[in-house]
Amino acid sequence: MGLFDKKYCDVCGEKIRFLGNRKLEDGNLCKDCAEKLSVWFSDRRSSTVAEIKAQLQDREANRARVESFQTSRSYGEHGRILIDDSKGEWIALRSHDSLRENPDVIRLDQVVDAQIDVDTSKTEEKTKDAEGKQVSYNPPRYRYTYQFYLIVHVKHPWFDDIRVKYNKDAVIIETGVPVQLPGMFSAARAFTPQQPEPERNADYQRYMAMGNEMCNALLNRNVQAPAQPVPQAAPQAAAAPQPAQKVACPYCKAVAVPDAGGHCIYCGSKIV
């Protein structure tokens with residue numbers, strides 16, 4: 001057969017338009033039929049015509065499951081996870097998906113594992129020298145960008161994994177950036193730490209907590225009951241408090257007593 005010979009879809013029988021062919025292991029698939037496959041399906045080229053027909057038949061049956069789906073819990077800000085507790089089913093939606101687009105309804109007992117994947121990118125910020133050339137700051141400045149994904153491994157006839165980005169906005173942490181010191185050290189130069197500290201970023205921690213909540217929900221992990229209070233022993237005389245020691249911060253060079261978490265009170269760097 002020639003390159004420009006007419007081809008017909010082995011699933012629906014319709015003529016395949018120019019550049020609309022999707023190859024199968026033993027046949028051809030038109031673009032319209034391909035768009036009806038699951039968004040999580042990625043093994044088309046090694047699938048047979050019979051397997052594609054079976055999936056499309058199941059996708060039509062899935063419409064009835066979507067219509068009867070009742071959301072009792074919803075998680076995520078961008079992509080979302082919806083759970084129907086009455087049926088023990090759930091749906092994963094990407095940011096632009098909706099229930100009108102026939103998303104796959106999956107049973108909770110088909111979930112094998114769920115985990116958080118934090119995609120991190122690092123970019124150096126540059127400045128210009130007297131000749132207009134791009135040069136590094138002193139100290140170097142970096143911009144760390146974090147995106148949060150939920151990865152779910154499932155036992156499903158058409159796919160094994162689902163990956164959903166669930167944060168709405170990227171979390172950005174900048175290092176080596178000058179900060180203003182209060183009080184007597186206001187004239188001193190101080191910089192944010194050279195290494196990012198996501199454990200101190202409220203948005204980073206919020207998205208990690210959100211992801212853990214989704215993992216626990218999909219894995220049917222029960223929230224532990226609060227621990228029972230332990231009887232308190234009779235109070236004893238407290239030892240005399242030891243005077244706090246001042247420490248020189250290696251980042252901003254300020255000399256002061258660290259806060260309760262061991263951070264410099266001027267630039268916030270971890271020093272103890």
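Predicted model: local features only at pLDDT ≥ 70, side-chain atom pairs only at ≥ 80, totals over all residues.

Modeller: Residues are numbered from 1 along each chain as its sequence is written, and side-chain values use heavy atoms, with hydrogens and water left out.

Colleague: Why is Asn62 called buried?

Modeller: Its relative accessible area is 2%. Buried means under 20%, exposed over 50% and partly exposed in between, with a 1.4 Å probe and protein chains only, so Asn62 is buried. Asn62 lies in helix 2 (residues 49-67); helices (H or I, at least four residues) and strands (E, at least two) are DSSP runs numbered from the N terminus.

Colleague: What does Asn62 touch, not counting residues up to four places away in sequence?

Modeller: Asn62 touches Asn102, Pro103, Asp104 and Val105, where contact means heavy atoms within 4.5 Å.

Colleague: How do you know that strand 4 and strand 5 pair?

Modeller: Pairing requires at least two bridges found by DSSP. Strand 4 (residues 80-84) and strand 5 (residues 89-93) have five, so they pair, in the antiparallel sense. Leu82 stands opposite Ile91 in strand 5. Both strands belong to an open sheet of four, in the order 3-4-5-6.

Colleague: What makes strand 3 and strand 6 edge strands?

Modeller: Strand 3 (73-75) and strand 6 (105-107) each pair on one side only.
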